Amino acid sequence: MSDAPKPLSGAELQAMLDNSPFIAFLGLKVTEADPAREQVTMTCVMRPEFERGKGTGQWHGGPIAAIIDTVGDYALIMALRRGLPTINFRVDYLRPAIKTALTTTARVRRAGKSVGVVDVDVFNDQKALVAIGRATYSTLAG
């Protein structure tokens, strides 16, 4: 019998997201939570506060980076059932995201005793890859 906790469901992940004022402001919505594949997908709609320039509809890189970090973190949170601090984080912006919602998919690459590594892909409404990220999180207990 395994001592591993039962993974969080999509509804439980959404409740955690909604409980954080900043993440709730981002408006992330869980669309997939697959513990067997260690994958989480979330969507986020454009808001005027996310624009690079007023009235352009173009996403600023800051909100995209915050989304990547958050969705990556929650891919590990799904299995570990607790928040995890980010150790290292990078983003490659591949094309502008203009007048589009974003769909972000995070895949756990390593869930070790001390660190977890997650790759994150961000797509626009046309399913074109907008940005990719990789983050390392501390998985140490306590």
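Analyst: A residue counts as exposed when its relative accessible area is over 50%, and as buried when that area is under 20%. The model is predicted.

User: Is Pro48 buried or exposed, and at what relative accessible area?
Analyst: Pro48 is found in the loop between E2 and H3. The cut-off for exposed is over 50%. Pro48 is therefore exposed, with a relative accessible area of 63%.

User: What distance separates the C-alpha atoms of Pro48 and Val91?
Analyst: Along the chain, Pro48 and Val91 are 43 residues apart.

User: What is the order of the strands in the open sheet?
Analyst: The sheet has six strands with antiparallel pairing. Its edge strands, E1 (29-34) and E3, each pair on one side only. From one strand to the next, the twist averages 15°. The order is E1-E2-E4-E5-E6-E3.

User: Which residue of E4 is the bridge partner of Cys44?
Analyst: Strand E2 (residues 39-44) and E4 run antiparallel and are joined by six bridges. In E4, the partner of Cys44 is Leu102.

User: Which residue in E5 is the bridge partner of Thr104?
Analyst: E4 and E5 are joined by a hairpin through three residues. Their antiparallel pairing extends over eight bridges. The partner of Thr104 in E5 is Val122.

User: Which residue in the turn between E5 and E6 has a positive phi?
Analyst: E5 and E6 run antiparallel and are joined by nine bridges, with Val115 having Ser138 as its bridge partner in E6. The two strands form a hairpin with five residues between them. The turn residue with a positive phi, of about 65°, is Lys127.

User: How many of the nine residues of E5 are buried?
Analyst: The cut-off for buried is a relative accessible area under 20%. E5 is largely enclosed by the rest of the structure, because the number of its nine residues that are buried is seven.

User: At what angle to E4 does helix H3 run?
Analyst: Helix H3 (residues 61-80) lies across E1, E2, E3, E4, strand E5 (115-123) and strand E6 (129-138). Helix H1 (residues 10-18) lies across E1 and E2, and runs at about 140° to E1. The angle of H3 to E4 is about 45°.

User: Within what arc do the buried residues of H1 fall?
Analyst: Leu13, Gln14 and Leu17 are buried in H1. In an α-helix, residues three or four places apart point the same way, because there are 3.6 residues a turn. What covers the buried residues of H1 includes H2, E1, E2 and H3. These residues line one face of the helix, because seen down its axis they fall within an arc of 100°.

User: Why is the ring pair of Phe25 and Phe50 edge-to-face?
Analyst: The structure holds two aromatic pairs. For Phe25 and Phe50, the ring centres are 5.9 Å apart. Planes over 60 degrees apart count as edge-to-face. The pair is edge-to-face because the planes are at 90°.

User: How many residues apart in sequence are the parts that this pair ties together?
Analyst: Phe25 lies in helix H2 (residues 21-26), whereas Phe50 is in the loop between E2 and H3. Phe25 is partly exposed at 34% relative accessibility, while Phe50 is buried at 2%. The pair therefore ties together parts whose separation in sequence is 25 residues.

User: Which residues do the ring pairs link into a cluster?
Analyst: Phe50 and Trp59 form a stacked pair, with 5.2 Å centre to centre and 25° between the planes. Trp59 is buried, with a relative accessible area of 3%. The ring pairs link into a cluster Phe25, Phe50 and Trp59.

User: How far from the ring centre of Phe25 is Arg47?
Analyst: A charge sits over a ring if CZ of Arg is within 6 Å of the ring centre and within 35 degrees of the ring normal. Arg47 lies over the face of Phe25, and its distance from the ring centre is 4.0 Å.

User: Which residues is Thr100 in contact with, leaving aside its neighbours within four places in sequence?
Analyst: Thr100 is found in the loop between strand E3 (86-93) and strand E4 (102-111). Thr100 is buried, with a relative accessible area of 4%. Beyond those neighbours, its contacts are Met46, Trp59, Asn124 and Asp125.

Methods. Residues numbered from 1 in each chain as written. Predicted model: local features only at pLDDT ≥ 70, side-chain atom pairs only at ≥ 80, totals over all residues. Heavy atoms only, no water. Helix = DSSP H or I, 4+ residues; strand = E, 2+ residues; numbered from the N terminus. Buried < 20%, exposed > 50% of the residue type's maximum accessible area, 1.4 Å probe, protein only. Contact = heavy atoms within 4.5 Å. Pairing = 2+ DSSP bridges. Axes fitted to C-alpha atoms, helices over the stretch in contact; angles between N-to-C directions. Phe/Tyr/Trp six-rings, centres within 6.5 Å; stacked < 30°, edge-to-face > 60°. Arc of directions from axis to C-beta.
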